Amino acid sequence: MQTDDLISLISMDSRPVDTGWLRRATWLSAFAALAATAGLVLLTLGTRPDLASAWTTLPVIAKVAFGASVATIALMLFQNSLRPGLKPARRLPLVALPLLVAAGWALLTLVQAPAEQWHALIFGRYWRACLIAVPLYALLPLVALLLLARRGAPVDGGLTGGSAGLASAGLAIIAYSLHCPDDTAPFLATWYTIATAIVTTFGALILPRFLRW
Amino acid sequence: MSLHELETQLRPIFLAALAGDEAAYRLFLDTISLRLRGYLRQMLARAGRTEASEAEDVLQETLLALHLSRHTYDAASPVTAWAHAIARYKLVDYLRRSGRHAGALPLEDEVDRLAGPSESAAAEARLDLARAMEALPERTRRLIDQVKLQGASIAAAADAIGMTETAAKVAIHRGLQAMARFLSKRRRPP
């Protein structure tokens, strides 16, 4: 077929196109995935016993804020990475913001505490559970974002996969805060950051092979 | 023509096309394909491929990709950057698939190259799109033949085959999707 014929054929298929769909779909998928993940946490682990009184306390709010800010920044990157010609990688340093705030707060807490408490402040009671649960729960939003990414045009699979992983980790952290009984800043800054890094790396390495188009 | 001029020329046309204007869409595709052909030939030549038919193949694949990715265009960004990024992706993919390392592509692959010499002389493509057509359902193929070869309108072509116009439009859309999928999956010996 001649290129001219192809052009005729393509132009016949001209219908109005909604360029805002991808943006709306990203946020909707994220909210739906968050609700589903939270439901899954409730179903499998249940809430922390003191959630009724704890949910308004600073540690729980801090976990939700940490997860939400990581997820928001990552979703913006993710959505832009599905649109060719934008250069979302330039905004990658933004991701460091919530991580740095958490790290700063953790250091401040440690400096003010006697050294013999450091171990308890960092490791808490259930650091292994956090390290396993967050990446596992993140799989659910990750799959949702992967399916969405296939409807876009990712020209940088690593960036799309990485930002999808990062966003999924953020959403999983919000959901897991319903359960996680460890409330110290050093715990949050250490294990949530490591869990986030695990999911991000996983997304950046695994997703690109499903994103060819 | 500078890239800025090209952008100024293309942007309103493309926005009209996105709103459903068929004539504007046709004009956009004609204009961008001249630019992309020049760009792809240059880049392929740099990767050591000088056969014009290869550039034509990648161009056709790029045009299908542009068409099926229109919803990914961000209205606040330059349409030339969008088209270039898609062409570049398809080019790298093509080089990888055809066994040549994409690393042969020069790093300084700037969008400015779209503003380079435009190539109006279409080359004969290889048979890829013809093979992609063969993979379509028979009715869709007949429909496309009617539209393409006899220059019939969709309404007339649909009538000749005994489809409604709406069904014909859906069939063409699905046909284009299937052709794009076929092209991005094919492998060729190096």
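Which hand does the crossing of H3(B) and H8(B) have? I looked it up, and the crossing is left-handed. For the notebook, left-handed applies if the near helix is turned anticlockwise from the far one by less than a right angle, and right-handed if clockwise.

**Ground rules**

I am working from a predicted model, where local features need pLDDT of at least 70, side-chain atom pairs count only at pLDDT 80 or more, and totals for chains, interfaces and linings use all residues. Residues are numbered from 1 along each chain as its sequence is written, while chains are lettered from A and ligands numbered from 1 in the order in which they are written.

**Chain B, H3 against H8**

I took H3(B) as residues 52–68 and H8(B) as residues 165–185. Helices here are DSSP runs (H or I, at least four residues; strands are E, at least two), numbered from the N terminus. The two axes come within 10 Å and cross at roughly 130 degrees. That angle makes H3(B) oblique to H8(B). My cut-offs: under 35 degrees is roughly parallel, over 145 roughly antiparallel, 65 to 115 roughly perpendicular, and the rest oblique. The axes are lines fitted to C-alpha atoms, for helices over the stretch in contact, with angles from 0 to 180 degrees between N-to-C directions.

I then listed who makes the contact: B:Glu61, B:Leu64, B:Ala65, B:His67 and B:Leu68 from H3(B), and B:Leu176, B:Gln177, B:Met179, B:Ala180 and B:Leu183 from H8(B). Contact means C-beta atoms, placed from the backbone, within 7 Å. By class I get seven nonpolar, two polar and one charged residues. The classes are Ala, Val, Leu, Ile, Met, Phe, Trp, Tyr, Cys and Pro as nonpolar, Asp, Glu, Lys and Arg as charged, and the others, Gly among them, as polar.

**Chain B, domain against domain**

Chain B is divided into domain 1 (1–125) and domain 2 (127–190), with bounds from an automatic or database domain assignment. Their contact takes 13 residues from domain 1 and 11 residues from domain 2. On the domain 1 side, H3(B) gives the most, with seven residues. That side has four nonpolar, four polar and five charged residues.

**Chain A overall**

I found nine helices and zero strands in chain A. The C-alpha trace spans about 75 × 35 × 25 Å along its principal axes. Of its 213 residues, 44% count as buried. Buried means 20 or more other C-beta atoms within 10 Å of the residue's own, exposed means 12 or fewer, and partly exposed is in between, with C-beta atoms placed from the backbone.

I also checked A:Leu51, which sits in H3 (residues 51–54) of chain A. A:Leu51 is partly exposed, with 14 other C-beta atoms within 10 Å. Its C-alpha atom is separated by 7.0 Å from that of A:Leu178, 127 residues apart along the chain.

**Chain A, H2 against H4**

The axes of H2(A) and H4(A) (residues 58–81) come within 10 Å and cross at roughly 145 degrees. This crossing is right-handed. A:Leu22, A:Arg23, A:Thr26 and A:Ala30 of H2(A) meet A:Ala71, A:Leu75, A:Phe78 and A:Gln79 of H4(A). I count five nonpolar, two polar and one charged residues there.

**Chain A against chain B**

How many residues does the contact take from each chain? I have 31 residues from chain A and 43 residues from chain B. The largest share of the chain A side, 10 residues, comes from H1(A). By class the chain A side has 16 nonpolar, eight polar and seven charged residues.

Notes. Two residues are in contact if their C-beta atoms, placed from the backbone, lie within 7 Å.
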